[in-house]
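Let's walk through this one together, question by question.

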Amino acid sequence: MGKYIGNAFLFFCLTLTACNQNKAKVIDPAEQRRKDSIERVKQAEEAERQRPRTADDIDLKKELSYDQHTLEETYDYEDTTRHFQLDKIKEYLALVENFQREKASYVVLENRKNKHGEAPLVKNFHRNEYKLVSDSLGTARYEGIPLYLVGDTEAPTIYGRDGALAKLRSSDTIDMVKVDGVSFDGEFEVPKRYIKSIGDSVTFYHVAFPDVTNQNILTAERVGDCKWVVRSMNPATTGRHKPPYAHDTPTGIFVVQEKKPKMFYYRDGTTSIEGYAPYASRFTNGAYIHGVPVNNPKGKIVEYSWSLGTTPRSHMCVRNASSHAKFVYDWAKKYNSLVIVIN
């Protein structure tokens, strides 16, 4: 009899414990709703952080640091109207925001004056009447960087432009380095000698926007998450197409690579120095943002020229008022600033 009483008591205890455990698992519906709401908010915030930014996300305000020769957003030119392409500029600023959200090590493609060797012939090339070779996209072999499809190093597919920006996707100690383009689309392999590593701590918060269509230039500086301010809005004169000496200013994204207080230049077709351009910041090949050219190697700096903001006249460069060129020269640091040429 005692055995049965003991078993019954044990069963009762086990049942009571199970009931208590089930009661402990019961969560107040209001508390559950609160937790669910917090989790949804966290998920929404994370989704917002991961969402690619667009032009609509860019807050661009006018806070000039350089206020001489300033143009309005829209202005008259001869019998037409010109403007600063703010919508297009915002699109590029969104791109700058997006590619910098991923932690990466950056490289710049470099081959000024074929310093690192003439690039091999691409698989499909064109030779013009001046015997200049270019790829299927029109990028010249001279001062170009050979870009090979990953795994196919028999011959390059296209040429990269000097000053183009990319992300490093392999070790930079091997002969053929893998890069993912920022200034260009796609992943390629490139011989190590054509790249300059600029590390993973670089931030591109200073951007100059020369416009080859409207012949003007705007500079913008990042001051917060998707917040940018306009630092200057000025007339400019870009490169004209008159080979073999004068060339268009190429469009695209470039890194400021070199600075010269005076950039001396030759008379076309000679090795005689004709003059200099002050406060020159080089961003690709022979293209500089610089001041008014002085056709006398020993002449004084000229502040302004009637030709600024009119029609393309330069030899690939972006010509500015000399004081504005100095502003850019001081403001845009080497390997830490971008020049985005738009059309």
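Please keep in mind that the model is predicted.

Q: In which sense do β2 and β3 pair, antiparallel or parallel?
A: Strand β2 covers residues 74-77 and strand β3 covers residues 80-83. Two strands count as paired from at least two bridges, and β2 and β3 have four bridges. The sense of the pairing is antiparallel.

Q: Which residue in the hairpin of β2 and β3 takes a positive phi?
A: The hairpin has two residues between the strands. The positive phi found there belongs to a residue other than glycine, and its value is near 50°. The residue is Glu 78.

Q: Is Glu 78 buried or exposed?
A: Glu 78 lies in the loop between β2 and β3. Its relative accessible area is 68%, and the cut-off for exposed is over 50%. Glu 78 is therefore exposed.

Q: Is Glu 143 buried or exposed?
A: Glu 143 has a positive phi too, near 70°, and it lies in the loop between β6 and β7. Its relative accessible area is 5%. Buried means under 20%, so Glu 143 is buried.

Q: Which residues make up the covered face of β2?
A: In a regular strand, side chains alternate between the two faces of the sheet. In β2, Thr 74 and Asp 76 form the uncovered face. The covered face is made up of Tyr 75 and Tyr 77.

Q: What charged end sits over the ring of Tyr 77?
A: Look at the ring of Tyr 77, and find the charged end 3.7 Å from its centre. A charge sits over a ring when, among other conditions, it is within 6 Å of the ring centre. The charged end is that of Arg 82.

Q: What is the angle between the planes of Tyr 75 and Phe 84?
A: The structure holds ten aromatic pairs. Tyr 75 and Phe 84 form one that is tilted, 6.2 Å centre to centre. Tyr 75 is buried at 13% relative accessible area, and Phe 84 is buried at 3%. The angle between their planes is 55°.

Q: How many residues apart in sequence are the parts tied together by Phe 254 and Phe 283?
A: Phe 254 and Phe 283 form a tilted aromatic pair, 5.8 Å centre to centre with 50° between the planes. Phe 254 lies in strand β16 and Phe 283 in strand β18, so the pair ties together parts that are separated along the chain. Both Phe 254 and Phe 283 are buried. The separation is 29 residues.

Q: Which residue of β21 is the bridge partner of Val 207?
A: Strand β13 and β21 pair in the parallel sense over two bridges, whereas β16 and β21 pair in the antiparallel sense over four bridges. The bridge partner of Val 207 is Leu 338.

Q: Which element gives the most residues to the largest nonpolar core?
A: The largest nonpolar core has 31 residues, and those with the most contacts inside it are Leu 165, Phe 209 and Leu 338. The elements that give two or more residues to this core include β13, β14, β16 and β21. The element that gives the most, with five residues, is α3.

Q: Where is Pro 244 found?
A: A cis peptide bond joins Pro 243 and Pro 244. Its omega is about 15°. Pro 244 is found in the loop between β15 and β16.

Q: How many disulfides does the structure hold?
A: Cys 226 is buried at 7% relative accessible area, and Cys 317 is buried at 6%. A disulfide needs a pair of cysteine sulfur atoms within 2.5 Å. The number of disulfides in the structure is zero.

Methods: Residues numbered from 1 in each chain as written. Predicted model: local features only at pLDDT ≥ 70, side-chain atom pairs only at ≥ 80, totals over all residues. Heavy atoms only, no water. Buried < 20%, exposed > 50% of the residue type's maximum accessible area, 1.4 Å probe, protein only. Phe/Tyr/Trp six-rings, centres within 6.5 Å; stacked < 30°, edge-to-face > 60°. Lys NZ or Arg CZ within 6 Å of the ring centre and 35° of its normal. Core = buried A, V, L, I, M, F, W, Y, C linked by side-chain atoms within 4.5 Å.
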